[in-house]
Amino acid sequence: MSLTLEQRADALAAALDAGDGRLAPDLVEDTRALVARVRERAGLSAEHTVVALAGATGSGKSSLLNALAAADLAATGVQRPTTSHPLALVVPAGDGGRDPSALLDWLEVDRRHVLPAATTALPPGLVLLDLPDHDSVVVEHRVRAERLVARADLLVWVVDPQKYADAALHEGFLRTLVGHDEVVVLALNQVDRLTHGDAAAVLADLRRLATADGIGAARALGLSAATGAGVDALRALVADAVRRREASTRRFGADLRNAAAVVLDACGPPVRGRTPDPRALVDALADAAGVPTVVDAVRRATVRAATARTGWRPVRWVAGLRPDPLRRLGLAPRPAPQAELARTSLPPLGAAQRARAATAVRDHADAALAGAPDAWVLAARARLDPAALTDARTGALPDALDHAIARTPLVPQRPAWWWRVVAGLQWLLLTAAVVGGLWLAGLAPMGYLRLPEPDVPQWGPVPVPTALLVGGVLAGVLVALLAGVAARLGARRRARAAGRRLRAAVAQVADALVVDPLAQETAALERCRSQAARAAAR
């Protein structure tokens, strides 16, 4: 279904919003001005059709206006420009019709003639403009003509047999109207000065030039303002356009389609590449953040904590003499509110780490925008300047990575359940060894003093006190050794789990600082392209 003028303007405006800062500034500025012009025209009188008579000096625009109106309203001349300011001939739309004054104010036309519909053959609802010469030597006159050419609903280009092939007309105006065939009329004036055959030949050549200009479907007709030949045909054509009230929609719809096609071309072809795999980026950032160092610290800290709880009680204090690896890195467990504000004691990024991180960011950006227009690629690179992101003093990446490491929970707050079981067993074995030792110590003076020794219970061939002392010590050492092996296995599992959590935290940083901004760039490019394509569709 064809879009309305408002829908087309909205789609083009959305494309410009998506491409702002990426599309050429001149393109954005000119297209926004067009959208504003279309919206302004849509808000003015839809009951009136603005028909502009444009042409070069001496082409007979003013004479043609007088002929169409059947009244001597515009001053005429032959060799010098006589229309320095535009003239409007207004035929009111009829009873209940809107006053065209606001429309004429928007057109910036002060010279106005009102012809009641009952006194003229021109159709009600017509605003007929006589424009300044487009080739005037006065710059101000040319600017006025160009402004009104851009605002008129129907353009009647009045040419004469001498200047119909003028390069300034074709290159400066007609070639810019590609797609406007329905609202362009080429009026070959002064055919009364030619023979019938010459007039036909010139008209055919005019049509050929129009085809070369890209407006081959524009209507072309020969006429003479002096004799009135062909004037009725032009009047009928204008009356039909006014009656249909479609000229404004067609004119500005073509303007919007052409502008949208330029924007669409600036967006380039759709990017067919897949979203790049972020694992290489996360690997580089994890290395830069010191994740391998932290994972190793988690492993060693776990072994240290397990040994301190499950080792042989008389010597396990030795494990406590070794410094806590996590505490040395500023990563000791802390309450959640403190963790959100904490920083680590990890060394800052070295030159090699910064280079690897910057390369990973650049490679990811290049992969995400592969095939995109240069302007979008350069804008993304400026937004994600790898050198700035990874700068040790001012870069956002080092600080974000350090904060992500600091707030990631590395080890459980509570010790493993089996640590508590083994610790209780070690206390029991130590108690048995102490009881056996004290028992033996109590028996030793008996023999020394040659007192009768009391009966000592036996466990098989071994006295119970000896079994308690030796068994308690040996069992305690054995349990400590076995617990050490289990602690190392558990430490590896904890380290792997911590590594996964750390990589997830690093991935969040990568998403926030690299992946998401690039996704926004590609989404904006696709939105710009899709909205421009919608506005350009017929």
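Asp-20 is partly exposed, with a relative accessibility of 46%, and in this predicted model the side chain of Asp-20 meets that of Arg-32 in a salt bridge, at 3.9 Å from N to O. The pair links distant parts of the chain, since Asp-20 lies in the loop between helix H1 (5-19) and H2 while Arg-32 lies in helix H2 (residues 25-42), twelve residues apart. Arg-32 counts as partly exposed at 32% relative accessibility.

**Salt bridges within helices**

- Side chains of opposite charge can pair when their charged atoms come close, and the count for this structure comes to 22 salt bridges.
- Glu-140 and Arg-144 form a salt bridge at 2.2 Å, N to O, and they are separated by about one helical turn because they stand four residues apart in helix H5 (residues 139-151).
- Glu-140 is partly exposed at 47%, whereas Arg-144 counts as buried at 13% relative accessibility.
- Asp-240 and Arg-244, both in helix H8 (residues 231-244) and four residues apart, form a salt bridge whose closest N and O atoms are 3.0 Å apart.

**Aromatic rings**

- The structure holds two aromatic pairs, and one of them, formed by Trp-157 and Phe-173, is tilted, with 5.2 Å centre to centre and 55° between the planes.
- Trp-157 lies in strand E5 (residues 154-159) and Phe-173 in the loop between helix H6 (167-172) and strand E6 (184-188), so this pair ties together parts that are 16 residues apart in sequence.
- The rings of Trp-418 and Trp-419 have their centres 6.3 Å apart and their planes at 85°, so that pair is edge-to-face.

**Charges over rings**

- The charged end of Arg-151 sits over the ring of Trp-106, 4.7 Å from its centre.

Notes:
Residues numbered from 1 in each chain as written. Predicted model: local features only at pLDDT ≥ 70, side-chain atom pairs only at ≥ 80, totals over all residues. Heavy atoms only, no water. Phe/Tyr/Trp six-rings, centres within 6.5 Å; stacked < 30°, edge-to-face > 60°. Helix = DSSP H or I, 4+ residues; strand = E, 2+ residues; numbered from the N terminus. Lys NZ or Arg CZ within 6 Å of the ring centre and 35° of its normal. Salt bridge = Lys/Arg side-chain N within 4 Å of Asp/Glu carboxyl O. Buried < 20%, exposed > 50% of the residue type's maximum accessible area, 1.4 Å probe, protein only.
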